[in-house]
Amino acid sequence: MGSTLKQQRPFHIDAIVVLPEHLHCILTLPEGDDDFSGRWRAIKKTFSKQLPITEHRSDVRLNRHERGIWQRRFWEHALRDELDYARHVDYIHYNPVKHGWVERAADWQYSSFHSFVERGIYPPDWAVSTDLAYDFDKS
């Protein structure tokens, strides 16, 4: 997917977590560009073309030439300020713990959490399931 798509439709992934049934990420687009829908369409299309078609697809998806690995919609939120940004980065990295996939954010392989630890933004033991003092759903 990488460089060709990013050259055609530039974006930067600030934070991401990929779970078995969904993903969360923060994308930064070039100044003056707010076409998040177009980016997601391109990302999903490029990613899907790299996978063999093994999933079940409904007649509707078959008729529309759609894969069965993506939901049709997505939720978009324009980040308001640095605090909003930080809370969403935390939410993304806490998600595998929240959904019970792991006990610690560090245990989830498919997350940008690890690069945040390498850069000194998080300690390696950040967000364990027994430390639920922060309610991410209410931030």
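This is a predicted model: local features need pLDDT of at least 70, side-chain atom pairs count only at pLDDT 80 or more; totals for chains, interfaces and linings use all residues.
Arg80 is exposed, with a relative accessible area of 65%. I then looked for its partner. Arg80 forms a salt bridge with Asp84, with 3.5 Å between the closest N and O atoms. The cut-off for such a pair is 4 Å, so 3.5 Å qualifies. Next I checked Asp84. Its relative accessibility is 7%, and Asp84 counts as buried.

Next entry: the whole structure. How many salt bridges does a search find? I get 6. I followed up two others.

I took Asp35 and Arg9. Their side chains meet in a salt bridge at 2.4 Å, N to O. Which parts does the pair tie together? Asp35 sits in the loop between strand S2 (23-28) and helix H2 (36-49). Arg9 sits in the loop between helix H1 (2-8) and strand S1 (12-18). The pair therefore links parts that are 26 residues apart in sequence. Asp35 is partly exposed, with a relative accessible area of 31%. Arg9 is partly exposed too, at 26%.

Last entry: Arg104 and Asp107. I found their side chains meeting in a salt bridge, 2.8 Å from N to O. Buried, exposed or in between: where does Arg104 fall? Its relative accessibility is 33%, so Arg104 counts as partly exposed. Asp107 has a relative accessible area of 39% and is also partly exposed.

Methods
Residues are numbered from 1 along each chain as its sequence is written. Side-chain values use heavy atoms; hydrogens and water are left out. Helices (H or I, at least four residues) and strands (E, at least two) are DSSP runs, numbered from the N terminus. Buried means under 20% relative accessible area, exposed over 50%, partly exposed in between (1.4 Å probe, protein chains only).
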